[in-house]
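Subject: Structure handover

Hello,

Please find the structure below, with its sequence. My notes follow it.

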Amino acid sequence: MADVTQDVLVKRIGYEAERINSYELIARRGGELAPFTAGSHIDLHLPNGMFRSYSLLNDQRERHRYVIAVNKDGESRGGSSFVHDSVKVGDIMTISGPRNNFVLHEEAEHSVLIAGGIGITPLLSMIRRLEALGRHWELFYAARTRTGAAFLDELDAFRSDLHSRIHLDFDDERSGRLFDLPAIVGNAPAHAHLYCCGPVPMLAAFEAAAAGRPSDRVHVEYFQAREAPSTEGGFDVKLARSNRTIAVEPGKTILDALLDAGITANYACTEGVCGTCETRVLEGTPDHRDQFLSKEEQAANKSVMICCSGAKSRTLVLDL
């Protein structure tokens with residue numbers, strides 16, 4: 001369903017925190033939307049030509065709507081600013097169907113959820129699912145300020161008088177202590193599944209703290225690139241299906257070169273985060289720059305994110 005597009009109506013826009021709005025989307029002509037699972041995202045096809053991925057934060061049992069939240073980032077390349085400044089209630093928008101790169105393991109005995117800022121969005125959907133299943137979970141939510149933290153009112157509904165599973169941490173309310181990711185990870189039960197979504201420095205610290213845990217119990221979701229895309233160029237991309245060879249010149253990504261040559265390619269975030277542009281590699285060695293593939297998948301060199309990765313070999317043969 002991820003490659004299928006449809007038009008949706010912006011039914012409601014809500015203020016959730018400073019610089020954060022929520023957007024409720026419904027089918028343009030009524031009826032149900034495609035099913036999704038906790039951790040999923042959709043791609044917005046913006047009228048300015050951009051594609052942007054946003055996590056679904058509502059309950060996966062809701063088929064009548066999708067709800068996303070958008071943080072107006074001061075360093076936005078135009079996506080979040082466009083949504084905040086231009087999208088209005090009643091607008092029709094095109095979206096791609098749900099895709100899940102951040103899957104919730106529903107069978108886990110205990111789940112530890114760690115959010116930084118707008119990273120709360122996929123975790124909120126996970127909390128709703130875990131509650132519906134009666135599973136044990138715990139949330140650690142960090143933000144710069146309380147007024148900049150979204151969905152605190154909704155999280156209040158999950159608090160318990162006997163034992164709070166929700167731990168909030170705000171930069172401007174600390175007394176010199178730091179958000180202690182190593183301690184959070186270290187105190188988690190050995191059998192727990194750990195999930196983290198937030199800014200790149202938090203994710204890097206989380207991955208370092210969780211390095212000793214089984215990789216199948218450690219899960220991250222990147223909203224932005226960890227490193228710059230490969231634009232060194234100087235190699236050729238051979239398209240196996242069309243029997244064409246495209247030169248990737250310095251200053252361009254593989255995706256740039258393909259689009260310049262008039263070749264249609266799937267893409268969305270252009271940062272190697274969402275997985276939309278994943279392409280099968282038939283020959284050659286990619287220079288991986290994405291945050292989508294696992295280390296094992298990158299080492300296997302069976303696929304590449306053409307929006308950001310390059311090539312270590314003189315030629316890269318792709319299944320295009």
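Predicted model: local features only at pLDDT ≥ 70, side-chain atom pairs only at ≥ 80, totals over all residues.

Residues are numbered from 1 along each chain as its sequence is written, and side-chain values use heavy atoms, with hydrogens and water left out.

Helices (H or I, at least four residues) and strands (E, at least two) are DSSP runs, numbered from the N terminus. Two strands count as paired if DSSP finds at least two bridges between them.

The sheet is open and has five strands in the order 9-8-7-10-11, with parallel pairing. Its edges are strand 9 and strand 11 (218-222), each pairing on one side only. On average, neighbouring strands are turned by 10° against each other, direction ignored (axes are lines fitted to C-alpha atoms, for helices over the stretch in contact, and angles run from 0 to 180 degrees between N-to-C directions).

Strand 7 pairs with strand 8 over seven bridges, and Ile114 stands opposite Phe140 there. The chain gets from strand 7 to strand 8 through helix 2, in a right-handed β-α-β crossover (with the strands pointing away from the viewer, the path from the first strand over the helix to the second runs clockwise). Strand 7 also pairs with strand 10 over five bridges; Leu113 has Tyr195 as its bridge partner. Strand 10 in turn pairs with strand 11 over five bridges, with Cys196 opposite Val220.

Helix 2 lies across strand 7, strand 8 and strand 10, at about 155° to strand 7.

A nonpolar core here is a set of buried Ala, Val, Leu, Ile, Met, Phe, Trp, Tyr and Cys residues joined through side-chain atoms within 4.5 Å. The largest one has 31 residues, of which Leu113, Leu123, Leu139, Tyr141 and Leu155 touch the most other members. Among the elements that give two or more residues to this core are strand 5 (66-71), helix 2 (120-133) and helix 3 (152-156). Helix 2 gives the largest share, six residues.

Leu155 touches Ile120, Leu124, Ile127, Leu139, Tyr141 and Ile166, leaving aside residues up to four places away in sequence (contact means heavy atoms within 4.5 Å). A second, separate core of 24 residues includes Phe51, Tyr222, Cys269 and Val273.

Regards

Methods:
Buried < 20%, exposed > 50% of the residue type's maximum accessible area, 1.4 Å probe, protein only.
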